[in-house]
Amino acid sequence: MFRRAHRSCGPVVCLSGDFPAIDVEEVTRGRVRLAGLPPADLGQEVDWRADPYGRRSWMLNLHTLRWAGGLVAAHERSGDPAPLDRAAALVEDWIRRNPRDRPDTSSWAWAEHAVALRAPVLVCLSEHVDTPPVRDSLREHGRLLADPALYRHGHNHGLDQDIALLVVGVRLGRDAWRDLAVRRMTASAELAIDEEGVLHEQAPRYGHYVHRRLGVALRAIERSGLAVSPRLAARRAALEAYITHATQPDGRLTPIGDSPADLRPPRFEHAEPPVRVFTAGYVFGRTAWGDPRAAFYSIRFGPGRRLHGHEDHLGVTYHARGRPVLVEGGFHSYERTGYVEWTRSPEAHNVPVVAGARFRPGTATRLTAREEGPSRQVFRLTDDAYGVVRTREVLVEHRRDLMAVFDSVPAGSAVRSLWHFDPSLEVLDRRDGVVVLGDGERRVTLFQFTVPQAGPPRPAGGQGVRPGLIATGHLRTAESVTVVSPEASRLLTLIVPGGTEPRATVRDGLVTVDGVPVPVPLLGAMGGDSQPSER
């Protein structure tokens, strides 16, 4: 990041260190890589309505001009005038051919997020190319960024708008814009990030993004000659607990909501317990910190879906012995396709679905009770997302790695549970109430039992096993196995990882796995190992 002065305006707070890395020679020749897609040949005269891949993210990134900002950064590193000349030509061509009032201008050119991400490029360029078109465009960008009707309060786009308005205001000597940006930024952060550090956008990936962008914002504030608000700094610091707990033992973020499964956030210093319940709707648990072979799980509850969340309430993920076991549909892209819509639906998650009932989007889920001990944790969650009360109890046992899930609905209704397994696992065996999956010597066994109101649990046969397709990263997918349970009003599912197939028995009304008892109901059976509480 650079701070400079210019005699005709205010100082330049240039965020060129935050521009994406580019191949300077390639971009100078007119080949541009955007949104993780292969390079596109734009040529020397860019068609600003080009859409070579039919991807929304590609179009947005084209109009941010951040890739052209990379040329400005290359000039500043090397002193070579060629990248700067190309950047100036690109930006001035964009300004000339994308007026806001022309009907054939791309809708992405003046989208609010494109404006927010493009304005810092104009600020950096303006130190070297102080022409009337660049200066006029900066003023136009500033007016849009300051417009309350266009501002995304409490949203990551709003943070980017504030960063942009800050540096534009400083560059043009508009103190009112500068001060507005800082005031909005603080108020927005306090709305979006709760005191426990959870971002209300319902995806850990955006907690990571906002933490990173707030770091840029704090540096920009300091280099503008202003004092950083302690309130703003405190909200950024609070995010670190959320990000840390949402990070799996393999170093990747849990792919909850619009969070790519391959994203690795930075590691933060922490002195946290291994199990944490966030009141905004997350349970994250592990057996140890710093051990890549630790067991790990997540459970979702809380307010109904919003922003970057998915319809994943009551859903779980599970890692054991250093490997993922239960995964989710994941985040693929922001494209408007049937597959992307599916990834956000309940069916893309490890959840109970009420048979024959209509799902009610946006329903909140309550965590009604929990018991936590060093080797076993149990949680009870409930909602009425299908018009009837559905309850899920989740038990995670660490003495013998296993996850037990007990789903129930009132008599007269039935539930079927969905289980999405990691793509590395394939079905090896199926029999009455049992599905065995494996990868080399690794084994994961699913047991299912119906649980009558009176009498012992009984094996529940009739599992459906079907191929699935989960998102393993942005625009990437992999085939996987989905197991669908038979319908029952009270259903117990055991997920048991290990090197050999475990032995599950029913005796005296109790299910036992390799000598470890699994009582039903799951809650209230921990004795001295428990620390009960309720939310």
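**Close-up views of a predicted model**

**View 1. A salt bridge between Asp18 and Arg212.** In this predicted model, Asp18 and Arg212 form a salt bridge in which the closest N and O atoms are 3.5 Å apart. Because Asp18 lies in the loop between strand E2 (12–14) and helix H1 (24–28), while Arg212 belongs to helix H9 (residues 204–223), the pair ties together parts that are 194 residues apart in sequence. By the rule applied here, the count of salt bridges comes to 35.

**View 2. The interface of domain 1 and domain 2.** The domain assignment of the chain gives domain 1 as residues 16–192 and domain 2 as residues 273–518, and the centres of these domains, taken over C-alpha atoms, are separated by 43 Å. Eight residues of domain 1 are in contact with eight residues of domain 2. The size of an interface is often given as the accessible area lost when the parts come together. Between domain 1 and domain 2 the buried area is about 720 Å², with carbon and sulfur atoms giving 47% of it. On the side of domain 1, Arg55, Arg56 and Ser57 lose the most area to domain 2, and together they account for 62% of what that side buries.

**View 3. Polar and charged groups where domain 1 meets domain 2.** Three residue pairs are in polar contact between domain 1 and domain 2, with both residues at pLDDT 80 or more. On the side of domain 1 that touches domain 2, the residues divide into two nonpolar, four polar and two charged.

**View 4. The hairpin of strands E16 and E17.** Strand E16 (residues 426–431) and strand E17 (residues 434–439) run antiparallel and are joined by five bridges. Arg431 has Val434 in E17 as its bridge partner. Two residues stand between the strands of this hairpin, in which Gly433 takes a positive phi near 75 degrees.

View 5. Most residues other than glycine have a negative phi, and most peptide bonds are trans. Leu307, although it is not a glycine, has a positive phi of about 50 degrees, and this residue lies in the loop between strand E7 (296–300) and strand E8 (316–320). A cis peptide bond, with omega of about 0 degrees, joins Val520 and Pro521, and Pro521 is found in the segment after strand E25 (516–518).

Conventions: Residues are numbered from 1 along each chain as its sequence is written. This is a predicted model: local features need pLDDT of at least 70, side-chain atom pairs count only at pLDDT 80 or more; totals for chains, interfaces and linings use all residues. Side-chain values use heavy atoms; hydrogens and water are left out. Domain bounds come from an automatic or database domain assignment. Contact means heavy atoms within 4.5 Å. Buried area is the accessible area (1.4 Å probe) that two parts lose on being put together, summed over both. A polar contact is a pair of N or O atoms within 3.5 Å; within protein, one must be able to donate a hydrogen and the other to accept it, and residues adjacent in sequence count only if both atoms are side-chain atoms. Ala, Val, Leu, Ile, Met, Phe, Trp, Tyr, Cys and Pro count as nonpolar, Asp, Glu, Lys and Arg as charged, and the others, Gly among them, as polar. Two strands pair if DSSP finds at least two bridges between them. Helices (H or I, at least four residues) and strands (E, at least two) are DSSP runs, numbered from the N terminus. A salt bridge is a side-chain nitrogen of Lys or Arg within 4 Å of a carboxyl oxygen of Asp or Glu.
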